[in-house]
Amino acid sequence: MTIPKELEGVLVSTNDTLGGSVRFKGTRVPVQALLDTLICNHTIDYFLEGFPDVTKDQAEAVLKWEQNQSRHIFGLDLVA
């Protein structure tokens, strides 16, 4: 698994932890947990309550990256 350069300080993936799933650095929390929480119409704060080892900055960095991917595809201004 390749971690995007912009998220190298936020995410990690190693074969010996969670089967190589991409997770928040310093935790065993997979990024999939954040995305699943949001798709169920819960907030970032709701996610952070359930996973206190993840920082708000980490979660927001993933969402900012994801949003910028879509913005790039549609030719929109990127989020700073």
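The dialogue below takes up these features in turn.

Guide: This is a predicted model, in which local features need pLDDT of at least 70 and side-chain atom pairs count only at pLDDT 80 or more, while totals for chains, interfaces and linings use all residues. Residues are numbered from 1 along each chain as its sequence is written, and side-chain values use heavy atoms, with hydrogens and water left out.

Visitor: Which residues of helix α1 are buried?

Guide: Helices (H or I, at least four residues) and strands (E, at least two) are DSSP runs, numbered from the N terminus. Buried means under 20% relative accessible area, exposed over 50%, and partly exposed in between, with a 1.4 Å probe and protein chains only. In α1 (residues 31-39), Val 31, Ala 33, Leu 34 and Thr 37 are buried.

Visitor: Why do the buried residues of α1 line one face of the helix?

Guide: An α-helix has 3.6 residues a turn, so residues three or four places apart point the same way. Here the buried residues of α1 fall within an arc of 160 degrees when seen down the axis, so they line one face; the arc is that of the directions from the helix axis to the C-beta atoms. They pack against β1 (11-12), β2 (23-24), α2 (44-50) and α3, where contact means heavy atoms within 4.5 Å. Just after α1, Asn 41 takes a positive phi of about 65 degrees.

Visitor: What does Leu 34 touch, leaving aside neighbours within four places in sequence?

Guide: With those neighbours set aside, Leu 34 is in contact with Phe 24, Phe 47, Ala 59, Val 62 and Leu 63. Leu 34 is also among the residues with the most contacts inside the largest nonpolar core, together with Leu 11, Phe 24, Phe 47 and Val 62. Such a core is a set of buried Ala, Val, Leu, Ile, Met, Phe, Trp, Tyr and Cys residues joined through side-chain atoms within 4.5 Å.

Visitor: Which backbone atoms do the side chains of Gln 58 and Asn 68 reach?

Guide: A polar contact is a pair of N or O atoms within 3.5 Å; within protein, one must be able to donate a hydrogen and the other to accept it, and residues adjacent in sequence count only if both atoms are side-chain atoms. A polar side-chain atom of Gln 58 lies 3.2 Å from the backbone oxygen of Lys 25. Gln 58 is in helix α3 and is buried, at 10%. The side chain of Asn 68 reaches the backbone nitrogen of Val 79 at 2.6 Å. Asn 68 belongs to α3 (residues 56-73) and is buried, at 13%.
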